[in-house]
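Work through the exercises below with the model open. Try each task before reading its solution.

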Amino acid sequence: MVAVINQQNKLKLVHFASTAWFMLAIAYVLISALRQAGFRWWVIFSLSGYSAIFVFLLISLYLFAIFRGIDRSQKIEIEHPLTSTSYYAAFYDVSPLLGGLAGYVGSIGISRISELVLGIALGTLATTFLMWIVVDPAIAITEKILPASRKHRIERLTRLKALREKKQEGRKRLLADVLSQNERDMSHWQEVLKPQAEKLAELLITNRTDFKQAECKAIEIGANAWQIGGLSCMQKLRDMVIAICKQRNQSSDTVGYISVWWDGIGSWQNSSLC
């Protein structure tokens with residue numbers, strides 16, 4: 001396990017070094033082209049000039065390199081027998097450096113330092129482009145069409161589909177159980193709370209002399225409903241009281257007393273104070 005981690009850390013260092021080298025090569029080629037075109041240094045490095053495009057290009061290339069590294073780390077060995085190996089990953093990461101070496105070998109004999117460096121930079125760019133844009137995607141496509149790779153991929157996708165369907169069915173069953181339990185609770189509460197709903201409806205028309213006593217009794221009924229089934233049970237009881245008041249042609253304004261009386265019981269809150 002430790003050896004695998006050390007190998008991954010080494011590959012990360014190689015990847016960082018190669019990417020930095022690739023960026024330097026791009027920078028040199030771009031600056032050389034601008035200088036040959038007659039641009040002065042202050043124009044090249046001005047934020048209002050070409051440096052903004054240059055920085056954007058470098059960031060895009062670096063993000064591309066990171067994306068490819070993440071994509072490779074998620075590959076399955078049986079489906080990608082070559083590109084998932086550490087040897088291929090090392091070769092992929094070191095390709096900019098190999099391109100620079102190839103550019104140096106191809107520029108042997110050139111006396112001017114600037115031309116030699118330009119040859120190294122162009123070799124880096126050419127090799128990196130060939131490896132990252134042409135060779136690597138081509139190999140990945142070839143791996144996907146191999147019989148063993150295709151078979152394993154189809155089986156894996158089939159298993160994933162079956163697993164998703166199983167989870168979806170489980171969620172549906174859970175939802176159905178919750179709804180069924182909620183219906184049973186509502187039916188049970190309808191029977192248990194009916195006497196208390198009628199009592200609470202009577203308390204709403206209590207005269208002022210007995211109002212304090214009615215409030216205490218209403219709080220007791222609300223607390224009992226909270227103990228039976230929490231907030232849902234209290235809401236059910238309130239709905240039952242409203243229905244009873246409508247049947248008796250009682251004023252609907254008095255129903256608002258319930259929210260005032262029950263404010264602070266469990267999680268019940270007076271809607272007029274929210």
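A salt bridge is a side-chain nitrogen of Lys or Arg within 4 Å of a carboxyl oxygen of Asp or Glu. The model used here is predicted.

**Exercise 1. The salt bridge**

Task: State how many salt bridges the structure holds, and find the side chains that meet in a salt bridge.

Solution: 
- Step 1. Apply the cut-off. The structure holds one salt bridge.
- Step 2. Identify the partners. Lys 212 and Glu 215 meet through their side chains, at 3.9 Å from N to O. The cut-off is within 4 Å, so this pair qualifies.
- Step 3. Check exposure. Lys 212 has 58% relative accessibility and counts as exposed. Glu 215 is partly exposed, at a relative accessible area of 21%.

**Exercise 2. Aromatic pairs**

Task: Count the aromatic pairs. Then classify the geometry of Phe 22 and Trp 132.

Solution: 
- Step 1. Rings pair if their centres lie within 6.5 Å. By this rule there are four aromatic pairs.
- Step 2. Take Phe 22 and Trp 132. Their ring centres are 5.3 Å apart, and their planes stand at 70 degrees. Planes over 60 degrees apart count as edge-to-face, so this pair is edge-to-face.
- Step 3. Locate the rings. Phe 22 lies in helix H1 (residues 2-36), and Trp 132 in helix H5 (residues 113-144). The pair therefore ties together parts that are 110 residues apart in sequence.
- Step 4. Check burial. Phe 22 is buried at 7% relative accessibility. Trp 132 is buried at 5%.
- Step 5. Turn to another pair. Trp 262 and Trp 268 are also edge-to-face, with 5.2 Å centre to centre and 85 degrees between the planes. Both of these Trp residues are buried.
- Step 6. Look for a cluster. Ring pairs link Tyr 92 with Phe 22 and Trp 132.

**Exercise 3. A serine in helix H1**

Task: Is Ser 18 buried or exposed? Which residues does Ser 18 touch, not counting those up to four places away in sequence?

Solution: 
- Step 1. Ser 18 belongs to helix H1.
- Step 2. Compare with the cut-off. Buried means under 20% relative accessible area. Ser 18 has 1%, so Ser 18 is buried.
- Step 3. List the contacts. With residues up to four places away in sequence left out, Ser 18 touches Asp 93, Val 94, Pro 96 and Leu 97.

Technical notes
Residues numbered from 1 in each chain as written. Predicted model: local features only at pLDDT ≥ 70, side-chain atom pairs only at ≥ 80, totals over all residues. Heavy atoms only, no water. Buried < 20%, exposed > 50% of the residue type's maximum accessible area, 1.4 Å probe, protein only. Phe/Tyr/Trp six-rings, centres within 6.5 Å; stacked < 30°, edge-to-face > 60°. Helix = DSSP H or I, 4+ residues; strand = E, 2+ residues; numbered from the N terminus. Contact = heavy atoms within 4.5 Å.
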